[in-house]
Amino acid sequence: MSLHPTLQPYADAWTHSIEAISELVGPLVEGEWNRRTPCPGWSVRDIVSHVIGLDCEMLGDPRPIHTLPRDLYHVTNDNQRYMEMQVDVRRHHTAPEMTSELEYVIIRRNRQLRNESRDPGTKVRAPLGTELTLEESMRGHAFNVWVHEQDLRAALGRPGNLDSPGAHIARDVLLGALPEVVADKADAPRSSAIVFDVHGPIEFLRTIRVDIQGRGTLETAPALGPAATFTLDWETFVRLACGRVTPDAAADRVKAEGDPELTAGILRNFAVTS
């Protein structure tokens, strides 16, 4: 038995991104680990700690027993507290400790993936005591690790991999979230269409159609007379959708056409992760 073909793209994307992260942080001197990243409150060390923690959870390791400080301004809800545990427990680790733990986790996860024979629909543990299918878990993990690779690249001034296997997973994940952004959060008019025209290393033209009941669906067909059209580059799309930049800060890189109240509402609700 080997990894199910449905799961292989997620394993490939994770491998590509985690090896890129290892390559990025391997040469860093101690001070560079403290550089700020686009994630509020997180340094380069914190991002790598988070990635290590995510993979430890994929391995089924027990979570650390640790009490968080009360003065972490960026931790405001249960999900953030859950994620912060793996980060804060490593805040005083040295550069060699970080890189050696990352390398060890990569070795263990590669072994796990080589021996993975479960069906994609198998239920597995997810954060905060929830459950996901193995496919959902691996897709989400590949997405997260690629996004954090981009966070590290931004912090270290080393852009790249905007069209890597992880980037294509991220495209599908972020597009899948758009109907909720447009129809539910931004409350776009019923029987309307919103077009997203994205260019750059990854290009796509997608339409979110809102039906008479107010439900949004993602379509590849272009729309005639859309209620709004957004034209932007792929990197800006990712940074907005992942909450790494505010709509105001990215205004010069987004061309929004249509009803100003509608376009502002969509951009205001664009972040689907943080």
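Predicted model: local features only at pLDDT ≥ 70, side-chain atom pairs only at ≥ 80, totals over all residues.
Trainee: Fine. How many helices and strands does the chain have?

Mentor: The chain has eight helices and seven strands, where helices (H or I, at least four residues) and strands (E, at least two) are DSSP runs numbered from the N terminus.

Trainee: And what is the radius of gyration of the chain?

Mentor: It is 20 Å, which agrees with the value near 19 Å that a compact globule of 274 residues would have; the radius is taken over C-alpha atoms, and the globule rule is 2.2 Å times the number of residues to the power 0.38. The C-alpha trace spans about 55 × 45 × 35 Å along its principal axes, and 47% of the 274 residues are buried.

Trainee: What share of the contacts comes from residues 24 or more positions apart?

Mentor: Among contacts in the chain with a separation of 6 or more, such residues account for 64%, contact meaning heavy atoms within 4.5 Å.

Trainee: Now the surface and the charges: how far apart are the mean positions of the positive and negative charges?

Mentor: They are 2 Å apart, for 29 positive and 39 negative charges. Lys and Arg count as positive and Asp and Glu as negative, leaving out His and the chain ends, and each charge is placed at NZ of Lys, CZ of Arg, CG of Asp or CD of Glu.

Trainee: Switching to aromatics, how many aromatic pairs are there?

Mentor: Rings of Phe, Tyr and Trp (its six-membered ring) pair if their centres lie within 6.5 Å, and planes under 30 degrees apart count as stacked, over 60 as edge-to-face and the rest as tilted. By that rule there are seven aromatic pairs. In one of them, Phe196 and Phe270 have ring centres 6.0 Å apart and planes at 45°, so the pair is tilted. That pair links distant parts of the chain, since Phe196 is in strand β3 (residues 192-199) and Phe270 is in the segment after α8 (260-268), 74 residues apart.

Trainee: Are Phe196 and Phe270 buried or exposed?

Mentor: Both Phe196 and Phe270 are buried. Trp234 and Phe237 form another pair, with ring centres 6.0 Å apart and planes at 20°, so this one is stacked. Because Trp234 and Phe237 are three residues apart in helix α7 (residues 234-241), about one helical turn separates them. Trp234 counts as buried at 0% relative accessibility, and Phe237 counts as buried at 1%.

Trainee: Which residues form the aromatic cluster?

Mentor: Trp146, Phe196, Phe204, Phe230, Trp234, Phe237 and Phe270 form one cluster.

Trainee: Staying with Phe237, what does it touch?

Mentor: Not counting residues up to four places away in sequence, Phe237 touches Leu174, Leu178, Val198, Phe204, Leu232 and Phe270. The C-alpha atoms of Phe237 and Asp197 are separated by 10.0 Å, and these residues are 40 apart along the chain.

Trainee: Last topic: where is His66 found?

Mentor: His66 is in the loop between α2 (44-58) and α3 (78-88), and with a relative accessible area of 26% it is partly exposed. Leaving aside neighbours within four places in sequence, His66 is in contact with Met85, Asp88 and Val89, and the C-alpha atoms of His66 and Asp88, 22 residues apart along the chain, are separated by 8.4 Å.

Key. Residues numbered from 1 in each chain as written. Heavy atoms only, no water. Buried < 20%, exposed > 50% of the residue type's maximum accessible area, 1.4 Å probe, protein only.
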